[in-house]
Amino acid sequence: EVSEPAEEPAHTTPTFRLSGHFVSVAHVRNDSDFDASERYYDVDGQTEGQVATYFRPLLSVDSGAFQLRYEAELGWNVWSRNTHGLNDAFFSKGDGLALRHRQLWAAYTFDAGLSLKVGYQHLNDPSSLFLDHYAGALRLELTWLGVESALWVAQLPDSTLEGISAEGDNFLTDSFAFGLDNAWSRGCYTLDVNLYGLHDMRVVDQPLSLLTLVAGVRVTLDQLEIQAHLLGQYGQWAASGVGAIDQTILSWASQARVRHRVGGFSWSAGVAYLSGDDGQEGNGTLNAFLGSGKNHSPTTWLSEDEVRDRYDNLDEQIASSWGAFFINRPGLALFDLTLGYAVTPWYTPRLVAAAALAPSPTHALGESFVGAELALHNRFHLGQHVRLVADVQVLVPGGAVAAFVNDVDRRATETAFGAHLGFLADF
């Protein structure tokens, strides 16, 4: 008796989708710091200005239970520098178009609802205060009893050169992170309880081990959104104190925000707080929060400019970078209020007022005022995919930020002005 051949599994035709985000922005400020002193050694002068273009395409491939994503960043390409028109065929001075990879991951969803995602992907906590990075990771996601859970482990980029070839590389001076995400949703409420770990070995004989607990709630109604999260950190940093003593990390952070929309009118208010260190640096206890340098504030000078991050926001400049993270010894208390109104279907202005303080002024030459920002953000919607951006900014700096930013007079607090004019497109 001849048995019938087994049925081959059905093949799903893959679907391809290309989407993207395009930005061209002209950026200008009256000074690169808050000191009007003549800098005779700086031939470029006091002002700051740049026009640049940025494009982020995303390729999505879906075939049944299989997914693949590839996202690249072409830019930040400055018109006065990054161009193929220069007389240098090999771009020996780094003047060619800049390209880097952002996401590259593949995922598979099993019948039980368990999914596996592997590759370069976005990792973030609900507040973004501690974790908001792109890194190579292995992630398992599962939904059970109304809880969306994920267990992941990642290798973060580090600054220790171990060699180009595989035989010259190892895991002895690398940086690893892991996480357990849990989001329990019921109706309009979502409860977040997340635990993250970091083991950083970028400096020989000074490993840093850190646990971060994130707990909070998110409420989403028809016209109202509320978010509040509290973060606590505990860890050990070997040989990082005075006399190469070990230090215990005990720090915390919090963030709360409310957004409300009534017809064409909208408003939001928020606060973000990062604990600062005590007055004795390297004394065996570190109370400064170790975070991502990001938050949910709409400010574009005191915190990151979401139109395009230029890595010059003041909350990062008063902190010390440690690999992919920032250690903010002066601490940060950021308060903001936003008012917006849709004047027409194609024009929406938004007024942003904010102020920031340094809770630990000992680490900012005894100054506690970081600065106050006032900005008018104008958005002109030209069509379904295109909008114009026209922003004006005023910053009243405080002594806490002048201590870190100024080149000559660390006490000078000259008022600064800035503007953006941009063309944005999404498809």
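1. Phenylalanine 22 counts as partly exposed because its relative accessibility is 25%; buried means under 20% relative accessible area, exposed over 50%, and partly exposed in between (1.4 Å probe, protein chains only). This is a predicted model, in which local features need pLDDT of at least 70 and side-chain atom pairs count only at pLDDT 80 or more, while totals for chains, interfaces and linings use all residues. Residues are numbered from 1 along each chain as its sequence is written, and side-chain values use heavy atoms, with hydrogens and water left out.

2. The whole structure holds eleven aromatic pairs (rings of Phe, Tyr and Trp, the last by its six-membered ring, with centres within 6.5 Å; planes under 30 degrees apart are stacked, over 60 edge-to-face, the rest tilted). Phenylalanine 22 and phenylalanine 423 make an edge-to-face pair, at 6.2 Å centre to centre and 75 degrees between the planes. Phenylalanine 423 is also partly exposed, with a relative accessible area of 34%.

3. The pair of phenylalanine 55 and phenylalanine 427 is stacked, as the ring centres are 6.4 Å apart and the planes at 25 degrees. Phenylalanine 55 is partly exposed at 26% relative accessibility, and phenylalanine 427 is partly exposed with a relative accessible area of 42%.

4. One aromatic cluster is formed by Phe130, Trp152, Tyr196 and Phe325.

5. Valine 370 is in contact (heavy atoms within 4.5 Å) with residues including Leu302, Ile318, Ala356 and Val401, leaving aside its neighbours within four places in sequence.
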